[in-house]
Amino acid sequence: MAVQPEARPGPDPSRPGGKAARGPSGKGLLFGVRFLFAFLLSRVLVRVLKAFGYSATSLPGVIALKVCPGLISHIGDAYELVVAVTGTNGKTTTANLLAHILRADGYTVAHNTEGANMLNGVAAALLQDCTWTGEPRSRVALIEVDEGSVGRVFAQIKPDLLVVTNYFRDQLDRYFEIDRTAALLLNVVQEISGLKLVMNGDDPLVAAIGHRLGTALYYGAEGELRMPAAAPDSDTAGETRERGYCSLCGGLLQYRYYHYGQLGSYRCSQCSFERPALDFTAFSAKQLSPVSFTISSRFFPGGRLECASSLHGCYNLYNVLAAASASAVLGISGDTICAALPDYQTATGRLESFVLGGRPCTLALIKNPAGLNEVIKTVLVRPGGKSLVIAINDLAADGRDVSWLWDADFEKLCREDIVSVTCAGRRAADMAVRMKYAGLPVERIGVVPDASEALKDLSGRPGEELYVLATYTNLFNYAKLLHKAEKSSPPVEETREKVGRAS
Ligand SMILES: [Zn+2]
């Protein structure tokens, strides 16, 4: 079947700002001076921060924006193509996968890779990509945008294509209730003309925004997705769900099945709202560990595309599906997408693999109940005994309110093969209380707040595999410590092979 996709938002030379040569003086001498100062300051800061081993993904943006508040739109207007990814979970992996596919297709891409997804992080990434006049070196800007920051970011840089992954409850103290986050996106995207939307049709909260706008393309998965080896713990009954009601009329949603959280096949019991017709349908999920499935879509020659990835878990199927769908909408061929997916390297803490004391150790970011439940399923799928560190912080970037720990399914960790849980971080004691109430025998629970000490404790615990589940502000510290530990770890042949599964 010949494929005739709809108009594609590919690189457009007529884009405002275009790729025409220009200098900062186009906005006046004062702007030019401010921009140049911000540019130089950010470059110096990046060097200094990196020299001292700090991440330079955000602070250079904070300072540069104070000096030159209009810098994002100045640089952003000159890209051929701006692609954005937002939503609660899966943003970083989806955006990184998309950048990986775009590069495989020959594009040069500017990208905020490490989840620095607020205004400062976007500014820092664009400043790293431009010349002193603000001219981008890359053709495409691919920006991951925090769901609470879409208003501020899109006021400065307008995407041509936006991917919306899902909405789960996250950091209540910062985002408040989930309807507010969804309403914010609706208001913001209504103001962007010519925007192509690629949305998760399996999430009723996301699909309701698309329904109101009437112009979205949808991806989703047909047929119930399960982590087979984890059964019966893969049972999604009793899982935390964000939304049982229709966003349009308030009626009860009825589900044919759930994939995870509120994602699944649904229809409203009162109005005509239902899961939309899917433009990209994942089916025949042969396996989820690692992810392998077929996409059915009119965007691919023959109407289908076989996808194999080295990522694991139901939520990563959605990330791969989202990235493949957006790539197809951008006009990238199925062959390029297929070829690029398997050699994608995971970002920091997205089931990143290490070796600790001769055993495989996986580092995973946790930040809200829905994401944590999916990480737990991925842990449980592995055979053999497992010891865990669960590191909970309550700094601004983690969310000050840790009550979400009580909404996650820690009860599922109360099995014989979970041989120990070491609770760490600023809220180690809260985590230990949570594990006790979940029903894990107290002799298997440890409390070691300090990260280095927690890893030492983990090394001494039994089990064939080790895991570190960490909130955002713990994540990079644990990654650093695990890298260091790996260097001094004894050579392991077999362990390496085991570990390769999650990279
Ligand atoms: Zn309804």
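A crossing of two helices is called right-handed if the near helix is turned clockwise from the far one by less than a right angle. The legends below describe a predicted model.

**Figure 1. Helices α14 and α15 meet in a right-handed crossing.** Helix α14 comprises residues 451-459 and helix α15 comprises residues 472-487. Their axes come within 10 Å and cross at roughly 55 degrees. The two helices are therefore oblique to each other. On the side of α14, the contact is formed by Ala451, Ser452, Ala454 and Leu455. The partners contributed by α15 are Asn477, Tyr478, Leu481 and Leu482.

**Figure 2. Helices α8 and α9 also pack together, and α8 passes α9 in a right-handed crossing.** Two packed helices are described by the angle between their axes and the distance between the axes. For α8 (residues 178-190) and α9 (residues 204-213), the angle is about 30 degrees and the axes are 10 Å apart. Angles under 35 degrees count as roughly parallel, and α8 is accordingly described as roughly parallel to α9. Helix α8 supplies Ile178, Asp179, Ala182, Leu185, Leu186, Val189 and Gln190 to the contact. Helix α9 supplies Leu205, Ile209, Arg212 and Leu213.

**Figure 3. Helices α2 and α5 pack at an angle of about 90 degrees.** The pair consists of α2 (residues 59-67) and α5 (residues 119-129), with axes 7 Å apart. Because angles of 65 to 115 degrees count as roughly perpendicular, α2 and α5 are placed in that class. Gly61, Val62, Ala64 and Leu65 of α2 make the contact with Leu119, Asn120, Ala123, Ala124 and Leu127 of α5.

**Figure 4. The largest nonpolar core contains 83 residues.** Within this core, Ile390 and Phe410 touch the most other members. Helix α10 (residues 314-329) provides the largest share, 12 residues. Domain 1 (24-228 + 235-343) and domain 2 (350-502) both contribute residues, so the core lies between them. A second, separate core has 55 residues, among them Leu71, Ala110, Ala141 and Tyr255.

**Figure 5. Isoleucine 390 is shown with its contacts beyond its neighbours within four places in sequence.** These partners are Ile366, Phe410, Leu413, Val421, Thr422, Cys423, Ala424, Met431 and Leu469.

**Figure 6. Glutamine 287 is found in strand β9.** The strand spans residues 280-288. Glutamine 287 has a relative accessible area of 36% and is partly exposed, because this class lies between under 20% for buried and over 50% for exposed. Leucine 225 is 62 residues away along the chain, yet its C-alpha atom and that of glutamine 287 are separated by 9.2 Å.

**Figure 7. Proline 441 lies in the loop between α13 and β16.** Proline 441 has 26% relative accessibility and counts as partly exposed. Its C-alpha atom is separated by 9.8 Å from that of valine 419, a residue 22 places apart from proline 441 along the chain.

**Figure 8. The whole chain sets the close-up views in context.** The chain has 503 residues, of which 60% are buried. There are 16 helices and 17 strands. Of the contacts between residues at least 6 apart in sequence, 74% join residues at least 24 apart.

Definitions and conventions: Residues are numbered from 1 along each chain as its sequence is written. This is a predicted model: local features need pLDDT of at least 70, side-chain atom pairs count only at pLDDT 80 or more; totals for chains, interfaces and linings use all residues. Side-chain values use heavy atoms; hydrogens and water are left out. A nonpolar core is a set of buried Ala, Val, Leu, Ile, Met, Phe, Trp, Tyr and Cys residues joined through side-chain atoms within 4.5 Å. Buried means under 20% relative accessible area, exposed over 50%, partly exposed in between (1.4 Å probe, protein chains only). Helices (H or I, at least four residues) and strands (E, at least two) are DSSP runs, numbered from the N terminus. Domain bounds come from an automatic or database domain assignment. Contact means heavy atoms within 4.5 Å. Axes are lines fitted to C-alpha atoms, for helices over the stretch in contact, and angles run from 0 to 180 degrees between N-to-C directions. Angles under 35 degrees count as roughly parallel, over 145 as roughly antiparallel, 65 to 115 as roughly perpendicular and the rest as oblique.
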